[in-house]
Amino acid sequence: MISKSEKRFIRINFITIILTLVVILAGGIVRSTGSGMGCPDWPKCFDQYIPPTSVKQLPSDYEKKYVEGRVKKNEKFAKYLERLGKTEQANSIRNDKSILEHEEFNVAKTWTEYINRLSGAILGIFMLLTTVYSFTFKNKAKRIVILSILNLFVVGYQAWLGSIVVSTNLTQWVVTVHMLLALVILSIAIYTYNYAKQLYQEPTVIMYRIMWLKGFLAFTLILSVIQIILGTEVREHIDSIAKELSYNGRNTWISKLGNVFSLHRDLAIAVAISNFIVYKMVKDRFSGKASPLITANNIMIVLIVQLMSGFVLSYLALPPYAQTIHILFATLMFSLQYYLYLLVYRTKTYKTT
C-alpha cells in the first residue's frame with residue numbers, strides 16, 4: 001500500500017514536471033519576443049528585485065555598469081571553458097564585440113524576462129520540495145533520492161547557465177546547451193515520477209513481443225533530440241539574420257537560412273513517420289485504457305500541433321506565437337515519448353513453450 005508521504009512525493013514531482021514545461025514556455029516567449037536581454041543583470045533586474053516600469057527608475061549609468069559587469073563575468077566563464085579544454089569557445093566569448101552592446105530599455109521586454117525568471121524561481125522551490133520528499137523512499141528506492149538530489153544540482157547549474165546566457169548577450173551555443181539541460185531536468189523528473197508510481201504496480205503483460213517496440217521507441221527519442229538541437233540552431237540563425245536586417249523583411253528570413261533549415265524540415269518528416277510507426281506498434285499491442293496507448297494517443301495530438309506550427313512558421317513569416325507553440329510542443333512531445341518508453345520498457349510478454 002502506498003503511503004501518504006509517497007503520494008505526496010508523486011504529486012509534487014508531477015507539479016515539478018508541469019512547472020518545467022511552464023518555464024520552457026516562458027523561455028519560448030522570451031526568445032520569440034526578443035526579450036532575452038530585457039534584464040541586463042542577473043539575478044536582479046536593473047539592480048532591483050521588482051523591475052522598473054519607466055526610464056526614470058533606471059540606475060544612473062546603467063549601460064556602462066552592466067556592460068562592465070558582463071565583461072568580468074564572461075572572463076571568468078572563459079577561464080572555466082579553458083579548464084575544460086574549450087579554448088576556441090573561450091576566445092570567441094572574449095572577442096565577441098556584441099557583448100559590449102547594451103540593450104535599450106523596453107518595459108514590455110523587461111517584464112517578460114522578469115516573469116520568465118520568476119517562473120524559474122518557483123520551479124526551483126518545487127524542485128527542492130521534490131528532493132526533500134524523495135527521502136520517504138530512502139529505504140525502498142534509493143535511486144529516487146539520488147536522482148532527485150542530482151536534479152536539484154542540475155537546476156542550480158541551469159540557473160547559473162541562465163546568467164551566462166545574459167552575460168554573453170545570448171551567445172548561440174550557450175543557448176543550445178541551456179535548452180538541452182532543460183531536457184535533462186525533464187527526463188530525470190519524469191523518470192522519478194514514473195519509478196515511484198510503478199513501485200506499487202505489477203508490470204503490464206501482453207501476448208506480443210515488445211523488443212522491437214522498445215528499440216524503435218529509443219530510436220524515435222534520439223531523432224527527437226536531434227531535431228530539437230537543429231531547431232535551436234535554426235532559431236539562432238534566425239536571430240543573426242534578424243539583427244543583420246535590423247529586424248526588417250521578416251518574410252525573407254526563412255529563405256536566408258540555407259541548409260540548416262532544409263535539414264530541420266526534412267528531419268521533421270522522419271520524426272513524423274517514426275512516431276506514426278510507434279503509434280501503430282503500440283495500438284497493435286495495447287488496448288482499452290492501457291497507459292501506453294493513452295500516451296501514444298497524446299503523442300499523436302502533440303505531433304499534429306507541432307507539424308501545424310512548423311507549417312505556420314515556414315509559410316507565414318515566423319509569427320512569434322507560432323515560435324512559442326513550436327518550442328513548447330517539441331518539448332512536450334519529447335516528454336511524452338520518454339514517458340512512453342519508460343512504460344513500454346517495463347512491459348513483459350507471455351513466455352511461449
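User: How far apart are the closest N and O atoms in the salt bridge that R117 forms with E113?

Analyst: This is a predicted model, and the distance is computed from its atoms. R117 and E113 both belong to helix α4, which covers residues 107–134, and they are four residues apart, or about one turn of the helix. Both residues are buried, and the closest N and O atoms of their salt bridge are separated by 2.9 Å.

User: Are R265 and D266 buried, partly exposed or exposed?

Analyst: To count as buried, a residue needs a relative accessible area under 20%, and to count as exposed it needs one over 50%. R265 has a relative accessible area of 42%, and D266 has one of 43%.

User: What separates K280 and D284 along helix α8?

Analyst: The side chains of K280 and D284 meet in a salt bridge of 2.9 Å, N to O, and both residues are partly exposed, K280 with a relative accessible area of 48% and D284 with one of 40%. Helix α8 spans residues 259–285, and because K280 and D284 are four residues apart in it, their separation is about one helical turn.

User: Which residues does H264 contact, leaving aside its neighbours within four places in sequence?

Analyst: H264 is placed in helix α8, and its relative accessible area of 13% makes it buried. With the neighbours within four places in sequence left aside, the residues in contact with H264 are Q227, L230, G231, V234 and H326.

User: Are α7 and α10 roughly parallel or roughly antiparallel to each other?

Analyst: Two packed helices are described by the angle between their axes and the distance between the axes. For helix α7 (residues 211–244) and helix α10 (residues 320–345), the axes are 10 Å apart and the packing angle is about 160°. Angles over 145 degrees count as roughly antiparallel, and therefore α7 and α10 are roughly antiparallel.

User: How do the residues of the contact of α7 with α10 divide into nonpolar, polar and charged?

Analyst: The α7 side of this contact includes L213, L217, L221, V225 and I228, while the α10 side includes M333, F334, Y338, L340 and V344. Also in the contact are K214 and R235 from α7, together with Q323 and Q337 from α10. By class, the residues of the contact are 14 nonpolar, four polar and two charged.

User: What is the handedness of the crossing in which α1 passes α4?

Analyst: The axes of helix α1, residues 4–33, and α4 come within 9 Å and cross at roughly 160°, which means that α1 is roughly antiparallel to α4. Their contact has 14 nonpolar, eleven polar and three charged residues. As for handedness, the crossing in which α1 passes α4 is left-handed.

User: How far apart in space are N139 and I228, C-alpha to C-alpha?

Analyst: N139 lies in the loop between α4 and α5 and is exposed, its relative accessible area being 71%. I228 is one of the α7 residues that meet α10. N139 and I228 are 89 residues apart in sequence, and in space their C-alpha to C-alpha distance is 37 Å.

How values were computed:
Residues are numbered from 1 along each chain as its sequence is written. This is a predicted model: local features need pLDDT of at least 70, side-chain atom pairs count only at pLDDT 80 or more; totals for chains, interfaces and linings use all residues. Side-chain values use heavy atoms; hydrogens and water are left out. A salt bridge is a side-chain nitrogen of Lys or Arg within 4 Å of a carboxyl oxygen of Asp or Glu. Helices (H or I, at least four residues) and strands (E, at least two) are DSSP runs, numbered from the N terminus. Buried means under 20% relative accessible area, exposed over 50%, partly exposed in between (1.4 Å probe, protein chains only). Axes are lines fitted to C-alpha atoms, for helices over the stretch in contact, and angles run from 0 to 180 degrees between N-to-C directions. Angles under 35 degrees count as roughly parallel, over 145 as roughly antiparallel, 65 to 115 as roughly perpendicular and the rest as oblique. Contact means heavy atoms within 4.5 Å. Ala, Val, Leu, Ile, Met, Phe, Trp, Tyr, Cys and Pro count as nonpolar, Asp, Glu, Lys and Arg as charged, and the others, Gly among them, as polar. A crossing is left-handed if the near helix is turned anticlockwise from the far one by less than a right angle, and right-handed if clockwise.
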